[in-house]
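Take a moment to look over the structure before reading on. The paragraphs that follow go through its open spaces and then its aromatic rings.

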Amino acid sequence: MGKVPPSLRSAISTSLVKKPAPIPSEFSSPSDKTHYFPKKKPSQLSKKIQVPASPTTQQRKPLFKSPELNEAKKLFSSFISTTQTPLNNRIHNSFLQSYASISTVDNSIALLHHMTKTLPSFTPDRSTYHILVSQSCKTPDASLSSVHQTLNLMVNNGFNPNRVTVDIAVRSLCSVGKEDDAIELVKELSLKHSKPDTFTYNFLVKCLCKCKALTTVYRFIDELRSAFDIKPDLVTYTILIDNVCNSKNLREATRLVSVLKECGFKPDCFVYNTIMKGYCMLSKGSEAIEVYKKMKEEGVEPDLVTYNTMIFGLSKSGRVSEAKKYLKIMVESGHFPDAVTYTSLMNGLCRKGDALGALALLEEMEMKGCSPNSCTYNTLLHGLCKGRLLEKGVELYQLMKEGDMKLETASYATFVRALCREGKVAEAYEVFDYAVESKSLTDVAAYTTLESTLKWLKKAREQGLAV
């Protein structure tokens, strides 16, 4: 552990166990103190307990080394003749699943036939065929022929596909980017065997939102509603609203809320939080406040996420004083500020050029029993360097090192540039070493930033703009 800055020694030696002070009803102003940093090291605030892996996990080896069918058959025969463990379907299914992870669907089916022939006491169950269904869905096949093959095998052995089968197939197809095939299979299974449950349906809608145009998603929803009477629920509309908000289409989000109401659903806190987040992403604090007022009018009680989103959005818009007002309302409503709340306010203060105010807020945060996290420290480091408060930035960086905290890309770049601007090139190289050793950034990213900064420094010196 490195040398602790003198201004922080008294703070770091403070006892670890403290009873959180009661949160005041009003947001207090920064106090004049000799230092602004918290009285606990980041290591005491953020380090997680490292649980060593069990010897069993460390020594576990792959069961199959080759996808060859003959070798798999020999291994199964050897296994059942030598094992002293009572055999049951769970063991047999695990054996088949292990082989299916490296083999073709045809070979997996052949091995299953060999298993039932060699060991008549083994009767495949639904889970056995689900292993083959999952494998066939992940096969790099341009059609669904492998899937149909395993489904027919399943039906012929007395197991009609049910909702679990549909879910496994849909999730397996989507995991390898076969969303179009998932749509077709859902339609086919809904017609012949079983409709998807709401969890599978909403999972597929969410996947489609990530990779398809909105019109495709709407078409899928309309087709399932008209053909199979599968209707979207509140979760479905929330997924759609979140998607359009992420694409900054707030007008469509508002329309979806109206549709949601027409379908008999009442927007809940999550829906309003999602829309509020969309406005905050666009730095539209006034619109976020309107959403908050709408919530209150309709009797929807704001939660911690609501207030954190409001505070983040207002702070991002430079309206820190209003954000503090909602912090007061938040506390009065019984919601205790957390690291997200304080970090958002600190970010707002730093954006306004009040990095010292953000530092004072850091100390107040710790005094209230709220532990800063890595994002908190990176936000402050970035703000201090932007505000030309390099000395305080160095002290904060030392605390981050002691706590094994990772540097984020923006704070790393700003810190390195600030050091070089003051002629502290050796210190900049040390920060580079820490960024690489702590795996904060990749070697290439960390070096590229340092290299571009040194080029900037050379040019600035030639122009007499840097020391």
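**Pockets and rings**

The second largest pocket holds about 240 Å³ of space, where a volume is the space filled by probe spheres set on grid points that are joined across faces, edges and corners. The structure is a predicted model, in which local features need pLDDT of at least 70 and side-chain atom pairs count only at pLDDT 80 or more, while totals for chains, interfaces and linings use all residues. Residues are numbered from 1 along each chain as its sequence is written, and side-chain values use heavy atoms, with hydrogens and water left out.

A pocket is found on a 1 Å grid over the protein atoms alone, as an open set of points where a 1.4 Å probe fits, with protein on both sides within 12 Å along at least five of seven lines, and its lining residues have an atom within 4 Å of a point. Among the residues lining the second largest pocket are T254, K261, Y272 and E290. Helix 16 (285-297) is one of the helices that each supply at least two lining residues, and with five residues helix 16 gives the most; helices here are DSSP runs of H or I with at least four residues, numbered from the N terminus.

The largest pocket has a volume of about 430 Å³. Of its 19 lining residues, the closest to the centre are F312, T343, N347, C375 and T379, and helix 17 (304-316), helix 19 (339-351), helix 21 (374-386) and helix 23 (409-421) each supply at least two residues of the lining.

Turning to the rings, there are 12 aromatic pairs, counted when rings of Phe, Tyr and Trp (its six-membered ring) have centres within 6.5 Å, with planes under 30 degrees apart called stacked, over 60 edge-to-face and the rest tilted. The pair of F64 and Y99 is tilted, because the ring centres lie 5.1 Å apart and the planes meet at 55°. This pair links distant parts of the chain, as F64 lies in the loop between helix 3 (55-59) and helix 4 (69-82) and Y99 in helix 5 (residues 89-100), 35 residues apart. Are these two residues, F64 and Y99, buried or exposed? Both F64 and Y99 are buried, that is, under 20% relative accessible area, whereas exposed means over 50% and partly exposed lies in between (1.4 Å probe, protein chains only). F64 and Y99 also belong to one aromatic cluster with F76, F79 and F95.
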